[in-house]
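Please read the points in order, with the display at hand.

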Amino acid sequence: MLVNWIKDADAAFAQAKQESKPLLIDFSAAPA
Amino acid sequence: MPLEAHIKEHPAYFKRFEALWTPTILVMDSEGVERYRIEGYLPKDWFGARLKMGLARVAFMHKKFADAQQLYEGVVEKFGNLALAAEAIYYRDVCQYKATNDHTSLGTAAIELAEKFPTDEWRLKSLPWAH
């Protein structure tokens, strides 16, 4: 399944609030 | 709503959200409050179960007990063989109690936990409910 990752935290929080949806943050150090 | 925070691209996010290890997953509610944290790698099934636990926690903390109960029940049904199912059983029946004020649901949880997870911490937490 393709995930459309957001890379800007403030934009993600604003979108989550606007849509009343939870937000998942993936902290990774894996090679790209 | 998925946010990617790679240590090379967003080191400030690690400090902001106190992520000290990778991989770390945070489940935040829509107000930006952390509700669930997963640290360390997990196989796909386990990870899916933990994510559901996180979403259930979000619903629980927002007092959406019917939604939370359904999510916890989904974990029990799909991942009943995993140890985290004990926590799901516990909170599933807490949600039932919170939604109905019927304390018998807590006794039901205590019985189920004693049968399925006799040595688990969540079973111990249910001991006061056993009559």
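Predicted model: local features only at pLDDT ≥ 70, side-chain atom pairs only at ≥ 80, totals over all residues.

1. Because 5 of the 5 residues of β2(B) are buried, the strand is largely enclosed by the rest of the structure.

2. For orientation, chain B contains 6 helices and 3 strands. Read from the N terminus, its elements follow the order β-α-β-β-α-α-α-α-α. Chain B has 131 residues, of which 37% count as buried. Its C-alpha atoms occupy a box of roughly 55 × 30 × 25 Å along the principal axes. Among contacts in chain B with a separation of 6 or more, 34% are between residues 24 or more positions apart.

3. The pairings may be followed strand by strand. β1(A) and β1(B) are parallel and share 5 bridges, with Asp26(A) opposite Glu4(B). Strand β1 of chain A (residues 23-28) runs antiparallel to β2(B), to which 5 bridges join it. In that pairing, Leu24(A) has Val27(B) as its bridge partner, and Ile25(A) stands opposite Leu26(B).

4. Within chain B, β2(B) is also joined by 5 bridges to β3 (residues 34-39), again in the antiparallel sense. Here Ile25(B) faces Ile38(B). The two strands form a hairpin with 5 residues between them, and Gly32(B) in the turn has a positive phi of about 85 degrees.

5. The contact between the chains takes 24 residues from chain B and 20 residues from chain A. On the side of chain B that touches chain A, the elements giving two or more residues are β1 (2-6), α1 (11-16), β2 (24-28) and α2 of chain B. By class, that side of chain B comprises 16 nonpolar, 5 polar and 3 charged residues.

6. How are helices α2(B) and α3(B) arranged relative to each other? Helix α2 (residues 44-61) of chain B and helix α3 (residues 65-78) of chain B pack at an angle of about 165 degrees, and their axes are 8 Å apart. The angle makes α2(B) roughly antiparallel to α3(B), and their crossing is left-handed.

7. Several residues form this helix contact. From α2(B) they include Ala49(B), Met53(B), Leu55(B) and Phe60(B), which meet a set in α3(B) including Asp67(B), Leu71(B), Tyr72(B) and Val75(B). The residues of the contact comprise 10 nonpolar, 1 polar and 2 charged.

Key. Residues numbered from 1 in each chain as written. Chains lettered and ligands numbered in written order. Axes fitted to C-alpha atoms, helices over the stretch in contact; angles between N-to-C directions. Helix = DSSP H or I, 4+ residues; strand = E, 2+ residues; numbered from the N terminus. Parallel < 35°, antiparallel > 145°, perpendicular 65-115°, else oblique. Left-handed = near helix turned anticlockwise from the far one by under 90°. Contact = placed C-beta atoms within 7 Å. Nonpolar A, V, L, I, M, F, W, Y, C, P; charged D, E, K, R; others polar. Pairing = 2+ DSSP bridges. Buried ≥ 20, exposed ≤ 12 C-beta atoms within 10 Å, placed from the backbone.
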